[in-house]
Amino acid sequence: MDFGGGDEIRFERLGRAGVVTLTRPQALNAVTHRMVKAMDKALRSWERDDGVDVVVVKGEGRAFSAGGDILHIYEAGRAGKPPVEFFADEYRLNAYIARFKKPYVALIDGIVMGGGVGISFHGSHRVMTENAQFAMPEVGIGFFPDVGASHLLPDLGGSFGMYLALTGNRIRHGDALWSGLATHTIKAEDQASVLDRLALTGDPESVLRGFFVPAKRETDRPILEAIARHFAQPSLPDLIDSLDRAGKDEFAAGTLATIRMRSPTSLRVAWRQISAGQTLSMDDCMRMEFRILNRMLAGHDFYEGIRAAIIDKGSKPQWRPAKIDAVSEADVGAYFSPLGDRELEL
């Protein structure tokens, strides 16, 4: 089935299922513009097709998808042509998945981050194996948790979503299931059988119930209580102050050290974005994120973060401004201001 996408993504009809496979294992299935456009075409076709009862998305190799193709974004932005259209199409796809009319099953085995989260966690069934690791690490590269994170993360109880957004920390399948990010956990070895059954019946509820293996939370109660206490603070400075006041507490000290390595601008923007997302629809979240994106692509920290992480691997990013209290409310507000005739059309 050719919806475009070349050798980066594969589309198949298996019985009652439309199956999407990300096929860039050497790039950890990083999402490209070509993949986004092809996936949009396939989903629109399958949504209208009475022979398709369920859509399944999976990745080839050891990752589901480690994010967007940030090296390409870096190079295009550096050349003065930031790929705004890639993000516009990606965000439209994220919003479309959230309102997709048929069951949408993401089979997540291995790493899922950034852009990979956008094409999996807005669907109806988020299935993770024991190999799965979830993260939204964008504040570490001077970016912000996008692809609908402002819709996804505020829904997690105990301020867990704010914690994930501001630290970029990875979690495993048990924490994902407990927090509501995942809807089901299965054994990695059962993935092929799950796919076979879905193709046969087209009914994910009964199939996933049959393969469900409960996963224990990896984060224990005292830490979850600490997260709820610190990350529910009414502002980012209050949150940092709360961690700071906890003194020698190992969790608080470690978390504060992590946050202090992140881009101050990204932290400020992410805090406001996740807070705002609590009361916004998915479509409004995507419009807000597109406003932020346009300013990030015109700024400093995103390119500096990618330089430090990927170009000059392991070097220390020089954030501008370098301190959280040097980022004013007006600076933050500018990221959220309307784009006029450049707003994201959904």
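At 22% relative accessibility, Arg291 counts as partly exposed (buried means under 20% relative accessible area, exposed over 50%, partly exposed in between, with a 1.4 Å probe and protein chains only). This is a predicted model, where local features need pLDDT of at least 70, side-chain atom pairs count only at pLDDT 80 or more, and totals for chains, interfaces and linings use all residues. Residues are numbered from 1 along each chain as its sequence is written, and side-chain values use heavy atoms, with hydrogens and water left out.

Arg291 pairs up with Glu343 in a salt bridge, with 3.0 Å between the closest N and O atoms (a side-chain nitrogen of Lys or Arg within 4 Å of a carboxyl oxygen of Asp or Glu). That pair ties together distant parts of the chain, 52 residues apart: Arg291 sits in helix H14 and Glu343 in the segment after helix H16 (helices are DSSP runs of H or I, at least four residues, and strands are runs of E, at least two, numbered from the N terminus). The whole structure has 17 salt bridges. Another one joins Glu8 to Arg34 at 3.6 Å, N to O. Glu8 is buried, at 13%, while Arg34 is partly exposed, at 42%. Asp7 joins these two in a network of salt bridges.

Then there is strand S3 (residues 54–59): five of its six residues are buried, so the strand is largely enclosed by the rest of the structure. S3 pairs with S2 in the parallel sense over six bridges (pairing takes at least two DSSP bridges), and Val20 stands opposite Val57. S3 also runs parallel to S5, joined by four bridges.
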